Amino acid sequence: MKKVILSLVASTLLFNTIYAEEIKSTEEVTQNEMVLTSSPEDVKTYVAQIKDVKYETFDEAVTAAVDGDTIKLLDNATTKGLNLSKNLTIDGSKEYTLTFEDKGIALWEVSLTFKDVTVNIKGIGSTPYTAEWNWMTISASKNAALNLENAKLTLDGTGTKSNVHAIYFGSNNKLNLNNSTLIIKNYTQDALEWNGGDGGYNVNLVNSTYISDNNRQGFTGTFYVTIDNSTVEVLNSSASGSNGTYYTIKNNSKVTFENNSSWGISAWRIDMTNNSTLNANNNGYSGIWTRVLNVDKSCTLIVNKNGTKAPSSSNNAGIFFQGNKDFTSIIEEGAKVEIKNNAGSGIYTKQSIGNLTILSGDITNNGTGNINKNNVGADFGGGIYNVGTLVIGNKVNIYNNHASKAADDIYNKAGSKIEFKDTKKDWILDDCNDKIDGWYDDNEKTRWNAHDKENKYVEEVEANTYETELTIKAAHGIYGKLIVRYVDNKGNVLSEELTYTEKVDTEYTTTEKEFEDYSLIKVDGETKGKYIDGTIIVTYIYEFTSGTGGDIVETGVTSSNVLEITTVLSLIALVSTIIIKKRFN
């Protein structure tokens with residue numbers, strides 16, 4: 001009986017053990033199946049983090065953030081827009097992108113920093129504060145700042161309403177770029193606009209790039225732009241590239257304003273230092289409109305092909321100065337300056353601009369006008385039109401400019417002061433391909449003319465300082481020719497004739513030559529005198545006095561060496577005969 005009981009107990013224990021293992025195995029399989037078949041919606045993914053807390057959406061992180069927080073992206077993220085009354089930093093860890101889907105950005109006296117992130121805003125023309133800011137993509141109240149640190153921000157206005165601005169500032173705002181890129185394109189209104197509040201707004205670029213392409217204007221408003229070792233391009237604006245700005249361009253920066261419909265760069269002041277470059281080319285009105293322009297000796301200034309759409313000759317200049325007597329500008333000697341092919345004057349100064357000193361530059365082929373039917377070119381001063389005090393250094397090349405009424409190269413208005421140096425002597429005048437030799441009067445009643453026999457007008461103007469009206473052109477005087485001939489009384493030429501060309505009224509002196517076995521018998525023409533508007537011929541006539549001469553002149557053979565030459569030729573013939581005989585024998 002004992003054995004039976006023990007056997008039953010053992011069997012029960014074995015069954016329970018096996019059953020327990022089966023249950024455990026079944027539970028594990030079920031749990032695994034639950035894991036494998038669970039919905040993706042049940043697995044949480046995080047795109048943003050503040051300190052140790054993670055968030056499934058970027059907008060949740062923004063809502064949870066407090067003033068001064070940094071939101072770190074954990075993946076690419078989207079946002080419906082930012083309406084910020086707290087200072088925030090968005091950190092993309094150098095690999096993630098934040099994309100705006102509905103609204104833009106409203107900043108209320110706070111600072112927003114994009115750091116190590118790519119930000120894309122396309123087709124958005126309203127901020128989250130839509131009651132008033134529904135016609136800009138980013139808007140900032142007073143004292144707000146937008147900062148880019150190792151970031152890239154692109155605003156594309158494609159699809160927005162016609163009245164939308166990209167970034168609209170209130171007063172005392174800052175846009176700071178450090179090792180970053182800001183691209184604004186395709187807005188029918190301005191890329192950067194200002195509402196006129198006190199303090200304007202400041203743009204600071206360090207080691208950065210700003211590009212405005214196909215907007216109404218690239219910069220608008222009274223504010224300060226500092227460009228430090230950076231690149232700025234303002235292209236294809238439907239109006240001016242810039243309006244009312246103070247620019248500091250320094251430390252190898254390159255700034256370009258091209259293909260803008262109105263002015264290229266319009267600024268209250270431009271200061272260029274330390275190997276920086278400013279290009280203002282192919283703009284509809286003046287390439288540069290300013291009150292003050294300073295270019296140091298290490299910099300490059302290129303102002304070409306502007307003014308093709310300007311309605312007047314003053315607005316189509318390469319550089320248009322408008323200021324007052326207290327303003328001072330200088331282009332230092334050593335600077336590379338090209339002001340060429342502008343429809344109006346190369347440099348046009350309006351009102352009393354104060355002191356302008358130009359010590360370097362090529363100012364050529366300006367004032368041509370009529371590039372299209374609406375363009376009138378330069379009336380006066382195709383190279384420079386001066387009102388104020390102007391000093392032009394001897395390293396400035398001003399020539400081959402054109403004006404429709406007077407003063408192809410330089411016009412100085414009565415009461416203004418101008419100082420200039422001599423022209424270069426190797427310039428070629430495009431009117432006639434003759435060399436330029438000085439400055440000449442080119443006034444409205446009588447234009448410079450050295451070639452029309454019936455209407456010649458050549459009045460030289462000395463390089464000096466003037467405070468009277470001045471209308472001058474780099475040109476040349478009237479030149480005469482002097483030909484000096486040496487012949488015998490039988491008409492044989494004794495020496496190649498000499499031809500000289502000099503300005504009319506320049507004194508000349510001819511001299512007699514000596515020829516062996518010839519004596520001078522007379523001279524036709526004046527041996528001394530002044531060049532005339534025409535050709536002077538002076539002929540020295542000689543008579544043969546000994547030997548057989550008179551047939552060959554200046555061949556190196558004279559009567560005194562005929563015998564020697566004959567003897568040498570005879571010896572050569574004799575030796576040649578002996579050699580030939582030996583060879584054939």
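Here is a short chat about a predicted protein model.

Trainee: So what is this built from, how many helices and strands?
Mentor: Keep in mind that the model is predicted. The protein has 48 strands and three helices.

Trainee: And how many of its residues are buried, as a percentage?
Mentor: Buried residues account for 45% of the 585 in the protein.

Trainee: Back inside, then. How many residues does the largest nonpolar core have?
Mentor: There are 105 residues in the largest nonpolar core, and Phe114 and Leu301 have the most contacts inside it.

Trainee: Which residues is Phe114 in contact with, leaving aside its neighbours within four places in sequence?
Mentor: Among them are Ile90, Leu98, Phe100, Ile105, Val119 and Leu146. Phe114 also touches Asn147 and Glu149.

Trainee: Switching topic: how many cavities of 30 Å³ or more does a search of the whole structure find?
Mentor: The search turns up one. The largest cavity has a volume of about 70 Å³.

Trainee: What lines the largest cavity?
Mentor: Its lining includes Ile392, Phe420, Asp422, Lys424, Trp427 and Trp439. By type, the lining residues of the largest cavity split into six nonpolar, three polar and three charged.

Trainee: Last one: of contacts between residues at least 6 apart in sequence, what share joins residues at least 24 apart?
Mentor: For this protein, that share is 60%.

Terms used
Residues numbered from 1 in each chain as written. Predicted model: local features only at pLDDT ≥ 70, side-chain atom pairs only at ≥ 80, totals over all residues. Heavy atoms only, no water. Core = buried A, V, L, I, M, F, W, Y, C linked by side-chain atoms within 4.5 Å. Buried < 20%, exposed > 50% of the residue type's maximum accessible area, 1.4 Å probe, protein only. Contact = heavy atoms within 4.5 Å. 1 Å grid on protein atoms, 1.4 Å probe; cavity = no way out; pocket = protein on both sides within 12 Å on 5 of 7 lines; lining within 4 Å. Points joined across faces, edges and corners; volume = space filled by probe spheres on them. Nonpolar A, V, L, I, M, F, W, Y, C, P; charged D, E, K, R; others polar. Helix = DSSP H or I, 4+ residues; strand = E, 2+ residues; numbered from the N terminus.
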